[in-house]
Amino acid sequence: MRTLKGRMTDLVATVLALALLVGWFVVGNGIEERMHSQAKNSLLDQVELLVGALGETGLDGFSDILGRLDPSAGTRVTVINMRGRVLYDTQADPKTMDNHADRPEIREAMLKGTGVSSRYSRSLGEEQLYIARLATDPVGNTLILRASVSLRYILEAVNAARMRLLFSLLLAGGAAMTAGLFFLRQVTKPLEELTRAAFSLQEGEKPLFPSSGTLEVQRLASALEDTSDRLEAAMGDLRREQGYLRFLLESLPVGVLVVDDNGRIRYANSALSSLLRDVPEKIEGNPYLSAIKAPELLELLEKAHKGQSGRAVFSVRGREEIFLEAQVLKIDWGVLAVLSDLTDRMRLEQSRKAFVADAGHELQTPLTAIRAAAELLADERDLDAEKRRSMAQKILTQQERMTALVDDLLLLSRLESKVPSEEPEELDLAGLLNSLVENTLASPLAESIEVERDIAGPAVVSGRPGDLWRAFGNILDNAVKYTRKRFGDEPGGKIRVALGRSEDDWEIVIEDNGIGIPPRAKDIIFERFQRAEADRSREGLPSGGYGLGLAIAKRIFESHGGSITAGESTEGARFSVRLPARLSS
Ligand code: ADP
């Protein structure tokens, strides 16, 4: 590929060479021929005159005439007889000259009267024009008069003309070249700038288009600039679209993975990384075989590459086990995998199953006891009145336990379905806690227990008094229950109820010096049917005992925007409840 400059140089050089060639031969030869014919005519005229003179004077007078001729004219005159012997010559001694009968012009003159020849003279070392003519001297002898003239000046004139032509052509060529290059620059400079702009466009940089140049170039530049602007706008739209798409994919709660046909990961959103856990930080661009560890997902991806879409549920172990559902399908240029977290659904399902099993189990015990007592009453007719009363009492007690359990279950179900039983109202927590403590103290179970109160009111909250009474009641009942478990009827048992402010919340602390809660059970005791110790006997405890009390309390506090935690305590148990102090609208 040649540049415009190179092509133009070639063109100018070719035109110049052609012009030179034509000038050299056509013009040169034309001039030469013309001068040659002029020289011939003038020599013929001279010969004509000399023949006349020779006829009048003869050879003797002729030399006198020739002596008077201008020597600068350079005409050499030779007189030869018909046998070819040189009789007279203006430049050499005729005796030293050889016979001229064989000279072509002499032979031609002998035959036709006039002979013309031009040839290279070795003795003179130059081109000569010879014209010979028959002449007659006064005594009637036929002689041949030959005149010759050098043609060197013609050659010199032609050469000079050729040199001038060469010089003019070089001058014209130089001028044409300079002008051409100047105009070419007008085109090539903006073209080079256009090329640079096109390259920067290719590199994704902002191109700089030329503002000068010929009209055509400027039109091209403006068309390209227009295209570049549109391209940039389109790229901007595309980038924005891509950004939206990425944002969308990033905000999806499911993991998205795209693998191309070469097995390289083209896209993975952050949900995918957090679901799969042990994936490299920069996952995109890696082969999926090395980046993905979960064997079930690897298998699905492999099958999808072969065109077989699939679905699988598997678990991944991290700090805790999570359950994932992967759906993998073949798309046009690879494979798309979507991962969703099934953990909550699985846990809910497990907890539902556990709940049904636990509730069934808890109901089973009183039902069995009722059946046993009823069978005894039905079968044993001879039972004494005391025994009968005892059996009936047993049935009543178990029925009460069942009713309490069913009540708790219904309450839990209501709390979980978030259907409020009463409208929230402004109430004073200090008053509620004081009444509750009074109520607890009135219970015979709390007789031997010392209760310390640190409740400064009023502490206004927005809440459902019935539910809050129930929640705090459950905690206080537990405090009494588990303190008694340690001290029985003996003194020493202590319960402390404190109400204070912590930032925007009211903080209520209920602690006791009972049997305490093992640290590992601190979280699970708030779950339904969960107890700190599975084998802890519930018999003989009139209320609760199913592991539902704290679950109910927790849900009540949470539905008020608060929380409950089992805290650290040197002795016994310590529960801390927080409720928002600001009035909710
Ligand atoms: P339960 O009816 O078994 O008392 P709760 O839900 O009220 O059920 O309490 C759950 C478990 O938390 C109890 O079984 C007990 O192991 C533990 N617990 C609750 N309060 C106390 C406390 N004050 N002292 C010791 N353990 C407690």
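The model is predicted: local features need pLDDT of at least 70, side-chain atom pairs count only at pLDDT 80 or more, and totals for chains, interfaces and linings use all residues. Residues are numbered from 1 along each chain as its sequence is written, and side-chain values use heavy atoms, with hydrogens and water left out.

Helices (H or I, at least four residues) and strands (E, at least two) are DSSP runs, numbered from the N terminus. Begin with helix H1, residues 4–67, and helix H3, residues 152–202. Their axes come within 9 Å and cross at roughly 160°. Axes are lines fitted to C-alpha atoms, for helices over the stretch in contact, and angles run from 0 to 180 degrees between N-to-C directions. That crossing makes H1 roughly antiparallel to H3 (angles under 35 degrees count as roughly parallel, over 145 as roughly antiparallel, 65 to 115 as roughly perpendicular and the rest as oblique). The contact of H1 with H3 has 24 nonpolar, 8 polar and 3 charged residues. Here Ala, Val, Leu, Ile, Met, Phe, Trp, Tyr, Cys and Pro count as nonpolar, Asp, Glu, Lys and Arg as charged, and the others, Gly among them, as polar.

Helix H3 also holds Leu191. Leu191 is partly exposed, with a relative accessible area of 31%. Buried means under 20% relative accessible area, exposed over 50%, and partly exposed in between (1.4 Å probe, protein chains only). The C-alpha atoms of Leu191 and Asn474 are separated by 89 Å. The two residues lie 283 apart along the chain.

Strand S3 (residues 114–121) and strand S4 (residues 126–136) run antiparallel, joined by 8 bridges. Two strands pair if DSSP finds at least two bridges between them. Ser117 stands opposite Tyr130 in S4. The S3–S4 hairpin has 4 residues between its strands, and Gly125 in the turn has a positive phi of about 70°. S4 then runs antiparallel to strand S5 (residues 142–150), with 9 bridges. In S5, Leu143 is the bridge partner of Ala135. This second hairpin, S4 with S5, has 5 residues between the strands, and Gly140 in its turn has a positive phi of about 95°.

Further along is an open sheet of 5 strands. Its order is S7-S6-S10-S9-S8, and its pairing is antiparallel. Strand S7 (265–268) and strand S8 (310–317) are the edges, each pairing on one side only. Neighbouring strands are turned by 20° against each other on average, direction ignored. S8 and strand S9 (residues 321–331) share 8 bridges. Ala312 stands opposite Ala326 in S9. Helix H7 (residues 295–305) lies across strand S6 (255–260), S8, S9 and strand S10 (334–341), at about 5° to S9.

Another open sheet of 5 strands has the order S12-S14-S15-S17-S16, with mixed pairing. Its edge strands are strand S12 (450–455) and strand S16 (563–566). Strand S15 (residues 505–512) and strand S17 (residues 574–580) run antiparallel, joined by 7 bridges. Arg574 in S17 is the bridge partner of Glu511. Helix H10 (residues 429–441) lies across S12, strand S14 (494–502), S15 and S17, at about 175° to S12.

Finish at helix H12, residues 549–559. Its buried residues include Leu550, Ile552 and Phe557. The buried residues of H12 pack against helix H9 (385–416), helix H11 (465–487), S16 and S17 (contact means heavy atoms within 4.5 Å). Gly561 follows H12, with a positive phi near 80°.
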